[in-house]
Amino acid sequence: MVSQDRPATTFKSRIKSSLPYTLAVAIIGFVSLWIRTRPSEYVFLSNGFVRFGGNDPWYHMRTLNVLLENYPQRMFFNPMTNYPYGSYIHFGPLYDQMMAITSLILGLGSPSQDLINTVGAYFPAVLGALTVIPVYYIGKYLGGRKTGILAAVLIAFAPGQFLSRSIIGFTDHHVAESLFSTFFMMFFMLAIITAKKNNLRFEDLFNKNFNVVKEPLIYSVIAGVMYSAYQLSWPGASLFLFIALVYAVVQYILDNFNGESSDYLGFTGIITFLVSAILILPFVHPDMGFSLYYYSWFHVATATGIVVCFGILSFIEREFKNRNLKAYYYPLAIFGLGIFGLLAIRIASPPIYSLIINAPHTVFGVQTGGPSTIAEVSSIFYDGGVFTLSRVFGNFTASGFFASLLGMLVLIANAVRKPKPEKVLVLVWSVLILFTIYGQNRFAYYYSINVSILSAYIGGLLLEKVKWNELDEKFKSTVKSPADIPGFLKFLRVEQVLTVLAIVVVLIYPVYGSAMELTKGTGGPDGPWIETCLWLKSYTPDPGMDYNGIYEAPEDGKLFDYPDSAYGIMSWWDYGHWIETIGQRMPNSNPFQAGIGGRRGSMEEENQPGSSTFFTAQSEEEATEVLEAIHPDPEKEGARYIISDIEMATGKFYAMTAWTLDTEGYYQPYWTGSDYQYLPSTRYFDSMVSRLHLLDGNGLKHYRLVHETWAYQTQEAGYKQVYNLLYGSSVPEVDSGYVKIFEYVMGAKITGTASPNETVNINTTILTGQGRTFEYSQSTSSDSEGRYEFTVPYPTEGPIPGETQFDTAPAGAYVVSYGDITKEVRVNEEAVLNGQEIKI
């Protein structure tokens, strides 16, 4: 009877002992959620508009709405971006599906747009708060419950990219990557620990020894499910496949040197990744071949390949033991087989071989050229080519970062002295993620997990030094009610109090302080950009596309069949998702780095048409050639509207030149009376973005300003001051619209006669929707017979139905003048759109 009661009693005692820690983790999770939802007033605007952060969150909301409109069918090809080619969607389906199912449940099958937006806004905050759960358990199995609690606290407050990508309104899949990859590591760790503890052998599986196999099998299957969830959140999840493989090689070598069996590891790895290979199969798009960026046979092949690797590593280890071979031959055998395997893959599947060889540089290498200007893929350790730790400290705090390095050093010492699989796993995982942030700072949202665990591990070791476990046991035995707490305090030692204070001051307080600073906003489009996109949606012609429709991808080598009414919107790639989702129009370029144009290789390579080549073009003619070359069909428009903002004309201009691999000569040193300063040069002012945004398109024949937003105080006035000094001009040195929309038109042809070789001028005053005026003018010379011609983009009459409903136009007629003669000319919209001739 006693023996029968013991398991139940043990179970109850385990539940009772775990209850305070479970409650603590729940409280930490709610605090984490509170931190992440603090900027809700910034996200939910008073006019009902929801401002999602960044760029990609807008695209997720776009795909979510299409999914709900066509549920359960999901969009795979999107013709509403990267016009005129469209884009395949590389985003994983899981994140959108989770939001869609939540919306459908809360909306009783028919969620409103307000509910969908609310779910989308809160979703990253909830997933970010849930991350405390796997972090706690990893910390617990690494250094005990105190380490787990401390790790949960640190990740709850973790600043930097982990917080910014899990804050309310940042509806992107990155937080799902962090959550599911951490759950994967947690269950993979539990599978390894239990398999090692049970002394699992492959024979146990064949002999149906389920008491030994059951627990590791369950954990391994769940680890496989979590890896699949991670993979279905981001197709680049093979990063953690690589981590698991490197860990396996290290652990096999350590076990072999220590004369231990690694069957536990082989069993865990084979089951985990066999499950993931099976689960990814339904999501494979066979027409994608072996692409890393889309769900393809690559993901099945790599998962299957690592199953084979675990099997081979286990087989070799057994053969070494059976043949009593020297342990130091084992790593040599692995190295040789690795080289042989790569050669075999190169012969059998060159595409997979190319991906395997190039992937390390993509993840761990420092980017150059245009890609180096993408904020999230630049190295966290460099700023402008100069080594710095400022961004490192901004993401992890100085104490957190150095504590993580110290934690890795301690784990290395442990691995040398007495390697425990869970500690070796955390070590390899942390080292490799550290390398990833050297290549791309975006992976800081991964490394925040490692920093929290490693910092907590160091904190836990300090608590062990002051015998915190004894104090914990004393608390359990003496404190039965709050009245017992004063009596318990006499057991506290000075060094224990000081250690806790040190942990709070050095580890916890800095991350909390940084987190509070980051919760003052979420980024995303500002007021002018929101207004611009809403104006675009309301006052430009319908492109003739079903915005929430599901479209089939075109056959290989063919363009998508757009209607004749379709057109593109030319702007810098940063703004593509805003244009598509808020403006419901088709951008030529987008934050997937599609449609940027420029060069990807050597200087000798021809610049490809795209946003970088258009905005850096040195003349209207060159820019128009780029615009028309975007669409391979010369009968169709590549872009009808151009959107610029002051950032494109100033701070982001360098990025445009970097993508063309031609950065020289746009800024030159000028003597200012006391020193030299780099200021815009004539080459800069000849660029199309300067002609459009700073100079309002004055003198251009085919580009007209149709709308501008309100102005802010920016660098614009200073740039115009330099322009006036360089050219002896009198452009008003004031800030104009922060964002401007231009339209590309054929232009009306105004022709007339004057004296031969006469200088002829045309000008008019343009009045914008903001009440600002500027002068539009051109100058030409009549030919030997006295004929002259102007092509002008503005009508003097109002807009017409079905076309652009512009709010910027001439305040009066054009005035043509030569000698002492002046003539007024009026131009209608049809003439501008159709290139009609108007004779004077």
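Trainee: What do "strand" and "pair" mean here?
Mentor: Strands (E, at least two residues) and helices (H or I, at least four residues) are DSSP runs, numbered from the N terminus. Two strands pair if DSSP finds at least two bridges between them. Please note that this is a predicted model, in which local features need pLDDT of at least 70 and side-chain atom pairs count only at pLDDT 80 or more, while totals for chains, interfaces and linings use all residues. Residues are numbered from 1 along each chain as its sequence is written, and side-chain values use heavy atoms, with hydrogens and water left out.

Trainee: How many bridges join β11 to β14?
Mentor: Six bridges join strand β11 (residues 748–753) to β14, and the two run antiparallel. Within this pair, Lys-749 has Thr-791 in β14 as its bridge partner.

Trainee: What is the order of the open sheet of four strands?
Mentor: The order is β5-β6-β10-β9, with mixed pairing. Strands β5 (569–570) and β9 (703–708) stand at the edges with a single partner strand each, so one side of each has no neighbour in the sheet. Strands β6 (residues 641–645) and β10 (residues 739–744) pair in the antiparallel sense over five bridges. There, Ile-643 stands opposite Ile-741 in β10.

Trainee: Which helix lies across β5, β6, β9 and β10?
Mentor: Helix α24 (residues 527–539) lies across these strands, running at about 30° to β10. Helix α27 (residues 620–629) packs on the sheet as well, touching β5, β6, β9 and β10, and its direction makes about 75° with that of β9. For such angles, axes are lines fitted to C-alpha atoms, for helices over the stretch in contact, and the angles run from 0 to 180 degrees between N-to-C directions.

Trainee: New topic: Asn-724. Is it buried or exposed?
Mentor: Asn-724 is buried, with a relative accessible area of 9%. Asn-724 is found in helix α32 (residues 716–727). Its side chain reaches the backbone nitrogen of Ser-730 at 3.5 Å.

Trainee: What about β7 and β8, what do they form?
Mentor: They form a hairpin with four residues between them, and Gly-673 in the turn has a positive phi of about 105°. Strand β7 (residues 667–671) and strand β8 (residues 676–680) run antiparallel and are joined by five bridges. Pro-669 stands opposite Tyr-678 in β8.

Trainee: Which peptide bonds are cis?
Mentor: Among them is the bond that joins Tyr-71 and Pro-72, with omega about 5°. The peptide bond from Tyr-83 to Pro-84 is also cis, with omega near 10°. Pro-72 is in the loop between α3 (56–69) and β1 (77–78), whereas Pro-84 lies in the loop between β1 and β2 (87–88).

Trainee: Where is Asn-82, then?
Mentor: Asn-82 is in the loop between β1 and β2. Its phi is near 50°, a positive value in a residue other than glycine. Asn-82 counts as buried, at 11% relative accessibility.

Key. Contact = heavy atoms within 4.5 Å. Buried < 20%, exposed > 50% of the residue type's maximum accessible area, 1.4 Å probe, protein only. Polar contact = N/O pair within 3.5 Å; in protein donor to acceptor, adjacent residues only side chain to side chain.
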